[in-house]
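Here are my notes for you, as numbered points. Please read them with the structure open.

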Amino acid sequence: MDLKVRIRIIDELTDDEVTATGMLDLASGDIQKVEYDDLDVETEALPFERDDYEFSSGILSNNGRDVEFRVDVNKTTGQYSVSPNELLEIKTKAASLFAQR
């Protein structure tokens, strides 16, 4: 089954944050199609490449309700992902989130 959901990604910097959207694969935990808001990737450093990068988080939303979770970044490849344990927690919370109306 190919189940991907759109998420918001927030890269926390010391005095700022960079936001993006991406597609979280609920089977593998990989996050693909990351598109940054207000960041020109051709001329600016990616958030995780900056000296003041601290961490990344993700938000899955439905009908005004949110599930927030930790996002890992492989600084060598630039790949965003979610750990298996975090993915299991997201699925549990998301099932509840999407069941509520």
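1. In what order do the six strands close into a barrel? The order is β1-β2-β3-β6-β5-β4, and the pairing is antiparallel. Keep in mind that this is a predicted model.

2. Start with β2 and β3. Strand β2 covers residues 17-25 and strand β3 covers residues 30-36. Four bridges join them in the antiparallel sense. Within this pair, Met23 stands opposite Gln32 in β3. The hairpin has four residues between the strands. Look at Gly29 there: its phi is positive, near 90°.

3. Next, follow β3 to its pairing with strand β6. Strand β6 is residues 80-81. It pairs with β3 over two bridges, again in the antiparallel sense. Asp30 has Ser81 in β6 as its bridge partner.

4. The largest nonpolar core holds 24 residues. Ile7, Leu24, Ile31, Leu60, Phe69 and Tyr80 have the most contacts inside it. Two or more residues come from each of β1 (4-13), β2, β3, β4 (53-62), β5 (65-73) and α1 (84-99). In soluble globular proteins, nonpolar side chains tend to be buried together.

5. Which residues is Leu60 in contact with, leaving aside neighbours within four places in sequence? They are Val5, Arg6, Ile7, Arg65, Asp66, Val67, Phe69, Ile90, Ala94, Leu97 and Phe98. Two of these partners, Ile7 and Phe69, are also listed with Leu60 among the core residues with the most contacts.

Key
Residues are numbered from 1 along each chain as its sequence is written. This is a predicted model: local features need pLDDT of at least 70, side-chain atom pairs count only at pLDDT 80 or more; totals for chains, interfaces and linings use all residues. Side-chain values use heavy atoms; hydrogens and water are left out. Two strands pair if DSSP finds at least two bridges between them. A nonpolar core is a set of buried Ala, Val, Leu, Ile, Met, Phe, Trp, Tyr and Cys residues joined through side-chain atoms within 4.5 Å. Buried means under 20% relative accessible area, exposed over 50%, partly exposed in between (1.4 Å probe, protein chains only). Contact means heavy atoms within 4.5 Å.
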